[in-house]
Amino acid sequence: GVRAEEDAADSDVLVVTDATMNKVLDANADSGVLLEFYAPWCGHCKKLAPTYEKVATELKGQVVVAKVDATQNSASAQRFGVKGYPT
């Protein structure tokens with residue numbers, strides 16, 4: 001809903017999809033990307049979210065901190081051998 005969209009707009013965590021994965025990795029090849037694969041229903045992922053947001057803010061301008069919904073972007077999850085969440 002609207003709440004999720006507002007949260008995303010205020011977030012320093014970049015949302016990556018199958019369609020944008022290569023572009024994001026290529027554009028940040030020198031600095032690297034901290035990439036979390038998650039599932040919306042994952043309890044551990046939900047617990048990690050506030051800490052991950054803090055890390056993204058602290059590392060802003062140094063390292064891209066990103067996340068991928070592995071349930072919606074299965075090609076990326078398979079490419080990186082994701083077996084569980086969060087990864």
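Of the 87 residues in the chain, 28% are buried (under 20% relative accessible area, with a 1.4 Å probe and protein chains only). The model is predicted, so local features need pLDDT of at least 70 and side-chain atom pairs count only at pLDDT 80 or more, while totals for chains, interfaces and linings use all residues. Residues are numbered from 1 along each chain as its sequence is written, and side-chain values use heavy atoms, with hydrogens and water left out.

The chain has 4 helices and 3 strands. Helices (H or I, at least four residues) and strands (E, at least two) are DSSP runs, numbered from the N terminus. Their order along the sequence is α-β-α-β-α-β-α.

Strands β2 (residues 33-38) and β3 run parallel and are joined by 6 bridges; pairing requires at least two DSSP bridges between two strands. Within this pair, glutamate 36 stands opposite lysine 67 in β3. A right-handed β-α-β unit is made by β2, helix α3 (residues 43-59) and β3. Right-handed means that, with the strands pointing away from the viewer, the path from the first strand over the helix to the second runs clockwise.

Asparagine 73 sits in the loop between β3 (64-69) and α4 (74-79). Asparagine 73 is buried, and its relative accessible area is 8%. A polar atom of its side chain lies 2.9 Å from the backbone nitrogen of aspartate 18. Beyond its neighbours within four places in sequence, asparagine 73 is in contact with Val16, Thr17, Asp18 and Val68, where contact means heavy atoms within 4.5 Å.

Terms used:
Buried < 20%, exposed > 50% of the residue type's maximum accessible area, 1.4 Å probe, protein only. Polar contact = N/O pair within 3.5 Å; in protein donor to acceptor, adjacent residues only side chain to side chain.
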